[in-house]
Amino acid sequence: MTTTEQYTPPTAEQAPEPRASRTRKAVIAAAVALAIAGGGGAAVYAASSSSAETSAQAGAPGGGPGGAGGTGGGPGGGSALMDALHGEFTTTDSSGNYVTEAMQTGTVTEITDTTITTESTDGYTKTYTIDATTTYAAMGGGPGTTQSTVTKSDLAAGDTVTVVATTDTSTAVSIAEQTTT
């Protein structure tokens with residue numbers, strides 16, 4: 001004897017999502033995760049003030065943020081974000097609160113005791129406040145190079161830097177100078 005089951009169509013709550021919707025959600029989730037990971041990595045890299053950490057990171061292909069390849073190299077990897085000119089990302093502060101920060105890589109067009117102005121290769125220009133909490137680092141140079149210590153007085157018009165700043169006050173959290181030696 002055979003039994004037959006009667007097919008009952010799923011209700012709206014039980015129905016699977018259309019494939020296009022699932023794919024779109026997966027792509028959006030992956031892009032958001034990559035943006036957070038890459039932006040956070042750039043912020044951590046730029047904010048790093050330890051010469052040991054900076055030296056270790058300098059050995060990465062492409063010499064760090066902005067370099068060819070960068071972290072995660074290859075198509076679809078983090079290198080696209082490491083080559084980013086400017087944008088915003090969300091991270092957590094030391095208390096675990098979410099904060100939105102801005103990142104810009106560009107050429108210093110002006111620096112004073114309290115501000116730095118940078119211009120990215122696409123023409124985007126922004127002035128950031130510099131205060132006593134701003135940290136400085138060197139980045140780049142490629143494998144086998146020695147990272148130097150950077151201070152505000154080392155920065156000058158024409159230098160290439162990556163600035164990470166608060167979005168609410170445009171205060172530079174960190175400034176990393178790209179070096180070649």
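Of the 181 residues of the protein chain, 31% count as buried in this predicted model. The chain exposes about 10,600 Å², of which carbon and sulfur atoms supply 56%. Among contacts between residues at least 6 apart in sequence, 48% join residues at least 24 apart.

The secondary structure comprises three helices and seven strands. Along the sequence these elements follow the pattern α-α-α-β-β-β-β-β-β-β. The mean pLDDT of the chain is 71, and 50% of the residues reach 70 or more.

The largest nonpolar core contains 13 residues, and the members that touch the most others are Ile 116, Tyr 128, Tyr 136, Leu 155, Val 161, Val 163 and Ile 175. Two or more residues are given to this core by each of the strands β5 (135-140), β6 (160-166) and β7 (172-179). The largest share, three residues, is drawn from β6.

Strand β6 also holds Thr 162. This residue counts as buried because its relative accessibility, 1%, falls under the 20% cut-off. The side chain of Thr 162 makes a polar contact with the side chain of Thr 105, at 2.8 Å. Thr 105 is also one of the residues in contact with Thr 162 when neighbours within four places in sequence are left aside; the others are Met 103, Gln 104, Met 139, Ser 174, Ile 175, Ala 176 and Gln 178. Of these contact partners, Ile 175 is among the core residues that touch the most other members.

Not counting residues up to four places away in sequence, Val 99 touches Phe 89, Thr 90, Thr 91, Thr 92 and Asp 93. Phe 89 lies 10 residues from Val 99 along the chain, and the C-alpha atoms of the two residues are separated by 8.4 Å.

Definitions and conventions
Residues numbered from 1 in each chain as written. Predicted model: local features only at pLDDT ≥ 70, side-chain atom pairs only at ≥ 80, totals over all residues. Heavy atoms only, no water. Contact = heavy atoms within 4.5 Å. Core = buried A, V, L, I, M, F, W, Y, C linked by side-chain atoms within 4.5 Å. Buried < 20%, exposed > 50% of the residue type's maximum accessible area, 1.4 Å probe, protein only. Helix = DSSP H or I, 4+ residues; strand = E, 2+ residues; numbered from the N terminus. pLDDT = per-residue confidence, 0-100. Areas by Shrake-Rupley, 256 points an atom, 1.4 Å probe, with all protein chains shown as cover. Polar contact = N/O pair within 3.5 Å; in protein donor to acceptor, adjacent residues only side chain to side chain.
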